[in-house]
Structure formats: C-alpha cells, structure tokens
Amino acid sequence: MLVSEENRRKKFKTLDIVYIGLFAALICVCSWIAIPLTVSITLQTFAVCLTAGLLGWKRGTLTVIIYILLGMVGLPIFTGFKSGIAAVTGPTGGYIVGFIFTSLIVGFAAEKIGRRLWQNIIFMVIGELVLYLFGTIWFVIAYKVTFLSAFSTCVLPFLLPDAVKIVIASVLVNRLKRFVK
C-alpha cells in the first residue's frame, strides 16, 4: 500500500509533536533533579543540550519555548519547583531565557554541521557560553552588581558540573541520533 505524500507529512507532523512533548517533559523532569552542593546543580542544561542536539534547531528551540511558556503560566517546572512570569523575569530569569539561544546554537550546528562527538562538545560549549553570558548580564542588570561578582556567583560554581553534563549529552546525542527522525 502506497502512502500518499499528504499522509506522510501528517505522520511527520505528528512525530514532531510527540518529540516536542516528550523532550519538553524531559526538560521539566531534569529541572527538578537537583544535586545540593554549595549551589544546587540541576540537569536543565543537560536536557536542553540533549534536546537541541537530537531534535535540531527548529524542534529543539520550540521545545524549549514550550517549556518556558508552561512554567510562565504556572506549572512548577523551573528549578526548585518555581513557576510564573516572575521566575522568568527575575534576576536569574536570563538563564531560563538563555536556554533558547543555547538550543538555537546547538540545534543549528547539529543539523547543518554534524553530530559527531567532538562537534557536539564544541557546539554545546559554545551554547553554554552564550547562556552564561546572557544570564550573567541579566543578573548584573537585575542586582546591580559587577560582572565579576555575578560571574563568581552564577558561573564559576557550574563550570565543572556543566562540562560533565556536556560530555554526557554529547555522547547520548552521538549514540541516539540514528533513532530520532
């Protein structure tokens, strides 16, 4: 039986919706998983990098935007079970908004350049650096502190854990890419 072009397009649209919903749920769950150290380390950045690396820039970025919108309308899906517009517009909201830029960078690179392990690592690092920069500048403006002070509070404690998360996300993207259409 031949599948018509229209049915094939519908199938892919349905598959896209499933992937977007599944990965938005993954980001939600990963934001709740916290390793309590001096500062809490969550798996949000891991999930964002994994999502963008597997889904590409369009579906990955849409997934992140849906995640943010769900949190803004009141679902307690941000770190520490926070939600609402205040969580996104508050002093650390720049990091949440920065997930959009990270997913754009990682997803675009994955689609257009490739998903080899070393490529994943490089573009996830670039995506994280943009996230750090955007979120830290937002934090500086909100708290009226120096960039160095914000960097030591908001970035420095997360460098090593985020490096580990990038390596794990890169390996997973490299291994799972053939299963995600």
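Student: With α5 and α6, is the crossing left-handed or right-handed?
Tutor: α5 passes α6 in a right-handed crossing. A crossing is right-handed if the near helix is turned clockwise from the far one by less than a right angle, and left-handed if anticlockwise. Helices here are DSSP runs of H or I with at least four residues, numbered from the N terminus.
Student: Before I go on, what sort of model is this?
Tutor: It's a predicted model, where local features need pLDDT of at least 70, side-chain atom pairs count only at pLDDT 80 or more, and totals for chains, interfaces and linings use all residues. Residues are numbered from 1 along each chain as its sequence is written, and side-chain values use heavy atoms, with hydrogens and water left out.
Student: OK, back to the pair. What's the angle between α5 and α6?
Tutor: About 120°, with the axes of α5 (residues 117-143) and α6 (residues 147-154) 9 Å apart. Axes are lines fitted to C-alpha atoms over the stretch in contact, and angles run from 0 to 180 degrees between N-to-C directions.
Student: So what do you call that arrangement of α5 and α6?
Tutor: Oblique. Under 35 degrees counts as roughly parallel, over 145 as roughly antiparallel, 65 to 115 as roughly perpendicular, and the rest as oblique.
Student: Which residues make the contact?
Tutor: From α5 you have Leu133, Thr136, Ile137, Phe139 and Val140, and from α6 Phe147, Ala150, Phe151 and Cys154. Contact means heavy atoms within 4.5 Å. Those residues divide into eight nonpolar, one polar and no charged.
Student: New topic: where is Pro91?
Tutor: Pro91 sits in the loop between α3 (85-89) and α4 (93-112). Leaving out residues up to four places away in sequence, Pro91 touches Trp138, Phe139, Ala142 and Tyr143.
Student: And how exposed is Pro91?
Tutor: Pro91 is partly exposed, at 29% relative accessible area. The cut-offs are under 20% for buried, over 50% for exposed and partly exposed in between, using a 1.4 Å probe and protein chains only.
Student: What about Gln119, buried or exposed?
Tutor: Buried, with a relative accessible area of 5%. Gln119 is in helix α5, and, neighbours within four places in sequence aside, it contacts Ile113 and Gly114.
Student: Last one: in the largest nonpolar core, which residues touch the most other members?
Tutor: Tyr67 and Met124, out of 37 residues. A nonpolar core is a set of buried Ala, Val, Leu, Ile, Met, Phe, Trp, Tyr and Cys residues joined through side-chain atoms within 4.5 Å. The largest share of this core, 11 residues, comes from α2.

Terms used
Helix = DSSP H or I, 4+ residues; strand = E, 2+ residues; numbered from the N terminus. Nonpolar A, V, L, I, M, F, W, Y, C, P; charged D, E, K, R; others polar.
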